[in-house]
Amino acid sequence: MRAIRAASAALGAAALALTAPTAAFAVNNTPYDFAVTPSTVSAGGRVTLTAGGCPSTTTVTSGVFDTVTIPQNGAATAVVDWDARPGAVYSVQFNCIGRIGTLDLRIAGGSSTPTASSTRPAATIAPSGVRGGEGGSIDGMNTAEIAAGGAMVAAAATATVLVLRRRSADRRH
């Protein structure tokens, strides 16, 4: 029973040690809490731009919508141009007192011509349920996280084999 507790404690410590460095390597390339929500939108759709932590107004520019000014620690809305290319990725640049942050905005595939239902004001559109995003599924694979996960699986398998071998050796006597 002590071996199982020791193996569990060792495995927990190994898991903690292996996951701690991956958090240290996570890099945010924007100087403040800049965000474009949603990160994928249809041509003619609306995006919310936020600039948390900026001590002044933030100017946001992109080739796919008009220049927008965000108040200090606030948010603003931008309307994506109808002629945005479906499937294209546009750069969105935030400028807060000379500090520049850049994020990507992807244009969803499909028709780029407006339909009657998409040009109505938002207040008259019937609710269509929750608008969920892609979550973490759009990011690529992180090599450090894959290596850490593989190491934890290997450590768990090794600990299991050692515990089982020790148990079988104790039963023979």
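How far apart do the end C-alpha atoms of residues 146-164 lie, and how much of the span is helix and how much strand? In this predicted model, the end C-alpha atoms of residues 146-164 lie 27 Å apart, and the span is 100% helix and 0% strand. An unreviewed UniProt entry lists residues 146-164 as "transmembrane region".

Strand E7 covers residues 89-96. Tyr90, Val92, Phe94 and Cys96 make up its covered face, while Val89, Ser91, Gln93 and Asn95 make up the uncovered one.

| E4 | 58-62 | antiparallel | five | Ser62 |

E7 and E8 form a hairpin with two residues between the strands. In this hairpin Ile97 takes a positive phi near 45°.

**The nonpolar core**

The largest nonpolar core has 25 residues. Val47, Leu49, Phe65 and Leu105 touch the most other members. Two or more residues each come from strands E1 (33-37), E3 (46-52), E5 (65-70) and E6 (75-79), and from E7 and E8. The largest share, four residues, comes from E7.

What does Val47 touch, not counting residues up to four places away in sequence? Its contacts are Val36, Thr37, Pro38, Val41, Phe65, Ala76, Thr77, Ala78, Val80 and Leu105. Among them, Phe65 and Leu105 are also listed with Val47 as residues that touch the most other core members.

**The aromatic pair**

How many aromatic pairs does a search of the whole structure find? The search finds one. Phe34 and Phe94 form this pair, with 4.6 Å centre to centre and 10° between the planes. The arrangement counts as stacked because the planes are under 30 degrees apart. Phe34 lies in strand E1 and Phe94 in strand E7, 60 residues apart, and the pair links distant parts of the chain. Are Phe34 and Phe94 buried or exposed? Both are buried.

Definitions and conventions: Residues numbered from 1 in each chain as written. Predicted model: local features only at pLDDT ≥ 70, side-chain atom pairs only at ≥ 80, totals over all residues. Heavy atoms only, no water. Buried < 20%, exposed > 50% of the residue type's maximum accessible area, 1.4 Å probe, protein only. Pairing = 2+ DSSP bridges. UniProt positions renumbered as here; feature names shortened; annotations may be inferred. Core = buried A, V, L, I, M, F, W, Y, C linked by side-chain atoms within 4.5 Å. Contact = heavy atoms within 4.5 Å. Phe/Tyr/Trp six-rings, centres within 6.5 Å; stacked < 30°, edge-to-face > 60°.
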